[in-house]
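Student: I am new to this protein model and would like to walk through it step by step. Could we look at it together?

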Amino acid sequence: MTQEATSGFCSSCKKESSTNHYHGSDSEKIELCKPCYDDYLAKEMLQYWKDHIEEEKRRVGKS
């Protein structure tokens, strides 16, 4: 979930730029610029699929 872009400091790169507020892990609010948000989203999606694949392996009995 995002809000309107504002000028602020990115929580990740600590640079002043156009940022949005997003829900981070544990529903905490984080302020990120677009490039840092893209990196954050890619890492979250990668972890999601790693967890999903491991769960599927456990379910079907493969290691």
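This is a predicted model: local features need pLDDT of at least 70, side-chain atom pairs count only at pLDDT 80 or more; totals for chains, interfaces and linings use all residues.

Tutor: Residues are numbered from 1 along each chain as its sequence is written, and side-chain values use heavy atoms, with hydrogens and water left out.

Student: In what order do the 3 strands of the open sheet stand?

Tutor: Strands here are DSSP runs (E, at least two residues), and helices are DSSP runs as well (H or I, at least four), both numbered from the N terminus. Two strands pair if DSSP finds at least two bridges between them. The pairing in this open sheet is antiparallel, and the order of its 3 strands is S1-S2-S3.

Student: Which strands stand at the edges, and why is one side of each left without a neighbour in the sheet?

Tutor: A strand at the edge has a single partner strand, so one side of it is left without a neighbour in the sheet. From one strand to the next, the twist averages 65°; such angles run from 0 to 180 degrees between N-to-C directions, with axes fitted to C-alpha atoms, for helices over the stretch in contact. The edge strands are S1 and S3 (29-33).

Student: What is the bridge partner of Phe9 in S2?

Tutor: S1 and S2 pair in the antiparallel sense over 4 bridges. In general, strands of a sheet pair through backbone hydrogen bonds, either parallel or antiparallel. For Phe9, the bridge partner in S2 is Glu16.

Student: Which residue in the turn between S1 and S2 has a positive phi?

Tutor: S1 and S2 form a hairpin with 6 residues between them. Most residues other than glycine have a negative phi. The residue in this turn with a positive phi of about 65° is not a glycine, and it is Lys14.

Student: Is Lys14 buried or exposed?

Tutor: Lys14 sits in the loop between strand S1 (6-9) and strand S2 (16-23). Buried means under 20% relative accessible area, exposed over 50%, and partly exposed in between (1.4 Å probe, protein chains only). With a relative accessible area of 59%, Lys14 is exposed.

Student: In S3, what is the bridge partner of Asn20?

Tutor: S2 and S3 pair in the antiparallel sense over 5 bridges. One of the pairs joins Tyr22 to Ile30. For Asn20, the partner in S3 is Leu32.

Student: Which residue takes a positive phi in the hairpin of S2 and S3?

Tutor: This hairpin has 5 residues between the strands. The positive phi here is near 60°, and the residue that takes it is Asp26.

Student: How many of the 5 residues of S3 are buried?

Tutor: Helix H1 lies across S2 and S3, running at about 120° to S3. S3 is largely enclosed by the rest of the structure, because the number of its 5 residues that are buried is 4.

Student: How many salt bridges does a search of the whole structure find?

Tutor: Side chains of opposite charge can pair when their charged atoms come close. A salt bridge is a side-chain nitrogen of Lys or Arg within 4 Å of a carboxyl oxygen of Asp or Glu. By that rule, the search finds 4.

Student: How far apart are the closest N and O atoms of Asp38 and Lys34?

Tutor: Asp38 and Lys34 are 4 residues apart in helix H1, which means they are separated by about one helical turn. Asp38 is partly exposed at 35% relative accessible area, whereas Lys34 is exposed at 51%. Their salt bridge has its closest N and O atoms at 2.9 Å.

Student: Which residue meets Glu55 in a salt bridge?

Tutor: Glu55 counts as partly exposed, at 38% relative accessibility. The N to O distance is 2.9 Å, and the partner is Arg58.

Conventions:
Contact means heavy atoms within 4.5 Å.
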